[in-house]
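Let's walk through this model together, starting from the whole chain and ending with a few individual residues. Keep the viewer open as you read.

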Amino acid sequence: MSLGTYRTLMLVIGDAILLLGGLASTLFLRYGPSAFAKAWELNIFPFAFLFAIWLLIFYTARLYEARSTKEIPARLQTLLYALFVAGIISMALFYYAPQF
């Protein structure tokens, strides 16, 4: 495995861990320790599906590629655009598929 592929894989895994950790902490703070397990079971599938879409959007936007630090403004613009697209897709998913 090349260094670039390894780096990309580690970034994707790190993002997935952060997304799932954010979901877990939100559910824990909202429902407390007594109802956390039930809330986790209800929410893990829809959010895992949604997070996979987010990671695919980030990968498609080439946010996991190594670039020069001189390109920071362009990367921030790409990140904001990717987050906007992911947000619109997320809203559409929860609006058109309320069973999630």
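## Contacts and overall form

A contact here means heavy atoms within 4.5 Å. With that in mind, look at pairs in the chain with a separation of 6 or more: 58% of their contacts join residues 24 or more positions apart. Please keep in mind throughout that this is a predicted model.

The secondary structure is simple to describe, with 2 helices and 0 strands. The radius of gyration of the chain is 16 Å, whereas the globule rule gives 13 Å for 100 residues, so the chain is more spread out than a compact globule. Along the principal axes, the C-alpha trace spans about 45 × 30 × 25 Å.

## Surface and charge

Of the 100 residues in the chain, 22% are buried. The chain exposes about 7,300 Å², and carbon and sulfur atoms supply 72% of that area.

## The nonpolar core

Which residues touch the most other members of the largest nonpolar core? They are Trp54, Leu55, Phe58 and Ala82, in a core of 16 residues. Helix 1 (3-60) and helix 2 (72-96) each supply at least two residues of this core, and helix 1 gives the largest share, with 10 residues.

Beyond its neighbours within four places in sequence, tryptophan 54 is in contact with Leu83, Ala86, Gly87 and Ser90.

## The loop between the helices

Two residues are worth a visit in the loop between helix 1 and helix 2: one is tyrosine 64 and another is arginine 62. Is tyrosine 64 buried or exposed? Its relative accessible area is 5%, under the 20% cut-off, so tyrosine 64 counts as buried. Setting aside neighbours within four places in sequence, tyrosine 64 is in contact with Arg7, Thr8, Leu11, Val12, Asp15, Leu55, Phe58 and Tyr59. Two of these partners, Leu55 and Phe58, were named above for the core. By contrast, phenylalanine 28 is 36 residues from tyrosine 64 in sequence, and the two are 30 Å apart in space, C-alpha to C-alpha.

Arginine 62 is partly exposed, at 46% relative accessibility. Its backbone deserves a look too: arginine 62 has a positive phi of about 65°, although it is not a glycine. Most residues other than glycine have a negative phi.

## A buried asparagine

Finally, turn to asparagine 43, which is found in helix 1. Asparagine 43 has a relative accessible area of 18%, and because buried means under 20%, it counts as buried. What is asparagine 43 in contact with, leaving aside its neighbours within four places in sequence? The partners are Leu23 and Leu27.

Note on methods
Residues are numbered from 1 along each chain as its sequence is written. This is a predicted model: local features need pLDDT of at least 70, side-chain atom pairs count only at pLDDT 80 or more; totals for chains, interfaces and linings use all residues. Side-chain values use heavy atoms; hydrogens and water are left out. Helices (H or I, at least four residues) and strands (E, at least two) are DSSP runs, numbered from the N terminus. The radius of gyration is taken over C-alpha atoms; the globule rule is 2.2 Å times the number of residues to the power 0.38. Buried means under 20% relative accessible area, exposed over 50%, partly exposed in between (1.4 Å probe, protein chains only). Accessible areas come from the Shrake-Rupley method with a 1.4 Å probe; for residues, only the protein chains shown count as cover. A nonpolar core is a set of buried Ala, Val, Leu, Ile, Met, Phe, Trp, Tyr and Cys residues joined through side-chain atoms within 4.5 Å.
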